[in-house]
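Welcome, and please take a moment to look over the structure below. We will walk through it together, one part at a time.

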Amino acid sequence: MATVLKSINPNTPNPKTPKSDRSNSRIYLLKLCKHMRELHQIHATLIKTGQIHDIAAINAIIEFSAISDSARNLHYAESVFEKTENPSLFAKNLMIRGHSQSQDPIYAIYLYVRLLNEGFEFNKFAFSFLIQACTISKSIQEGHQIHGQILKFGEIDPHLASSIIRFYSEVPALDSARRAFESSREFMASWNSIIDGYSKLGEMEIARRLFDEMPQKSLISWTALITGYVHLGRFKEALEVFQTMQKEGFNPDQRTLAAVLPSISHLGALNLGKWVHSYIENLNLEVNIFLGSALLDMYCKCGCIESAIDLFQKMGNMKRNVVTWNAMINGLAMHGRGSDALELFQEMLVSGTKPTDVTFVGVLRACSHVGMVNEGMLYFDQMRRVYGILPTVEHYGCMVDLLGRAGQLEEAEKLTKSMIGQPDVVVMKTLLGACRVHGNVEIGEGVGWDLIELAPNDCSCFVLLSNLYASVGKWQEVGRVRNLMKERGVEKIAGCSSIELGNVTHEFHAGDMSHPRIEEIYAKVEEIGERLKGEGYTPDITQVLVDIDEEEKEKALLRHSEKLAIAFGLINMTSGITIRVVKNLRVCSDCHSVTKLISKLYDREIIVRDQNRFHHFKEGLCSCNDFW
DNA sequence: GTAGGGTTAG
């Protein structure tokens, strides 16, 4: 006992101090508990000394065991609570709150009903937790009833109003949410809640209108709006809102930053991400689990895997949850560091963190990106057998990719057919892509034509099929696919690459002429082309889809967006600075070999993020080992 | 003394 107490608070009370002080210090100790073991010891002392009837002591024990983050034990809280003769209002609220945040939030309602029948009364805090319980468990009927109880109770404050709106938005029952909002427009929290509700349901236009109409905004309002744009994948708009917010004098806190970071990650805006990190450091903001995970993910997705690892280590075990681990595992996988990712997965298991479906996406991608077929099969099997996680389309996608790359196309096809329900477009595209890499027309042809029927407006299906035919010289078939695409009016998605220079992101589209310095850039591209040819490079024109002569095809290749972006980087960034490019599609094979050569001839590290993974080009080689 | 906005995969 003494040793534990010492470890919590070296100033163990002097036996000479008055009794009430000693009791207070024990309650103070309770608030410092980190583990259940410590709580047991203090609890035992309280019983021995008869102080257990102290209301504050009971509350502190229940508080720790019902809601603390570090070592929750609701059963323990329950047993203390049930033995208490006349529990305080605060204790009852703690129990309701504990249940509402547990695996079975509905028990909060059961407890409430039971206590109500026993003649107890409640205050507004209880209702707040009860409505939260209904929100989490999506208990529509119960939520309605609690809403009724609140109205009967008679006193609606901003917190209750916003909780009710939140409940109806998440059920979802937008009409009811709107009605609840209309009847509580006097509270800013109601506005925040309804904006958040519309945002999360993707109704951004309504959310935006309400936001503009709001008589007064708070940081919460801005964060709700940003979250909405992020959820819809409208990352640039999310960043615009973030910047406007600051111009209007609102300084972001941890939650706003955690909300906006995913946009920075998706756009690959490293400089902005670094700005966020230094902002956090300058303001001495605590890097909690949410913020830490978001930052870590930003560094992974912006190509700074070393910074991500650094942060991950600094965060330490206490500040990691499954999301943190998942982000790091997926990050390593994305950067082609498969064995590091798998090692980290083992570490995660040792730490006692239970893997989720997202973890296995990372694990399988790790295997896939470095071609570890057997390991991948093993994990795919383990996922179901050991962890009871049912594979989703993402997992099937990884497996098809894994088998496909290894050339086991029959196996891959078999797997798509064994999927529960229809294999989805992404999985089929993966299979078709693998067929193209291996020039397997027998399987790829069937898959390709099926895909075109399954996703008639998706240009990438046509492109893949056409490239498959091209790779084996079936030019007549290439023409057939191309004509069908034209007939149906399917638009090709233009390749787009971006590169940051200072705080400005420059975007390039294939064949784009709009950049103010485009002539200079094309001159550089030509120069690169000539220098590369001198080194024995021949353009790979087989994958060019348009019907033009060979010379034109070469030119078309030179206009690929990543080549423009890299040329722009070479012109503007002094040697020694890594060029970082983000691309919306997969890197084509010509751009891949060209970038390798550039990295050697111009002695430049180049990091390209494509749709699937990172390519680190250095001294003529790529981290993907030409396997992507 | 308790309550409204936050992180991974797609």
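Where does K138 lie? K138 sits in the loop between α8 and α9; helices (H or I, at least four residues) and strands (E, at least two) are DSSP runs, numbered from the N terminus. Its phi is near 50°, a positive value in a residue other than glycine. Most residues other than glycine have a negative phi, and most peptide bonds are trans. K138 is partly exposed because its relative accessible area is 45%; buried means under 20% relative accessible area, exposed over 50%, and partly exposed in between, using a 1.4 Å probe and protein chains only.

Before going further, a word on how to read this model. It is a predicted model, in which local features need pLDDT of at least 70, side-chain atom pairs count only at pLDDT 80 or more, and totals for chains, interfaces and linings use all residues. Residues are numbered from 1 along each chain as its sequence is written, chains are lettered from A and ligands numbered from 1 in the order in which they are written, and side-chain values use heavy atoms, with hydrogens and water left out.

Now step back to the whole chain. Chain A contains 33 helices and six strands, and its C-alpha trace spans about 95 × 55 × 55 Å along the principal axes. Of the 628 residues in chain A, 51% are buried. Among contacts in chain A between residues at least 6 apart in sequence, 62% join residues at least 24 apart; a contact means heavy atoms within 4.5 Å.

In the model, residues 187–217 are 74% helix and 0% strand, with end C-alpha atoms 11 Å apart. For residues 321–355 the end C-alpha atoms lie 10 Å apart, and that span is 74% helix and 0% strand.

Next, follow the protein to its DNA partner. DNA strand B is surrounded by 44 residues, of which E63, R166, R255, N288 and K301 are the closest; a residue is near a strand if one of its heavy atoms lies within 4 Å of it. By class, this surface has 14 nonpolar, 16 polar and 14 charged residues. Here Ala, Val, Leu, Ile, Met, Phe, Trp, Tyr, Cys and Pro count as nonpolar, Asp, Glu, Lys and Arg as charged, and the others, Gly among them, as polar. Helix α18 (residues 289–301) provides the largest share of the surface near DNA strand B, with six residues.

Which part of DNA strand B lies within 4 Å of the protein? Sugar or phosphate accounts for 41% of those atoms, and the rest belong to bases. Some side chains make polar contacts there, meaning pairs of N or O atoms within 3.5 Å (within protein, one must be able to donate a hydrogen and the other to accept it, and residues adjacent in sequence count only if both atoms are side-chain atoms). A polar side-chain atom of N326 lies 2.6 Å from a base oxygen, an N or O atom in the side chain of D157 is 2.8 Å from a base nitrogen, and one in the side chain of N59 is 3.1 Å from a base oxygen.

Buried residues of α10 include L160, I164 and F167, and the buried residues pack against α8, α9, α11 and α12. In the loop between α10 and α11 you will find P172, and the peptide bond from V171 to P172 is cis, with omega near -5°.

Finally, look at two residues that touch each other. S599 lies in helix α33 (residues 589–601) and counts as buried because its relative accessibility is 2%. Among the residues S599 touches are R604, F617 and E619. E619 lies in the loop between β5 and β6 and counts as exposed because its relative accessibility is 58%. E619 also has a positive phi of about 45°, although it is not a glycine.

Notes: Lists of a residue's contacts leave out its neighbours within four places in sequence.
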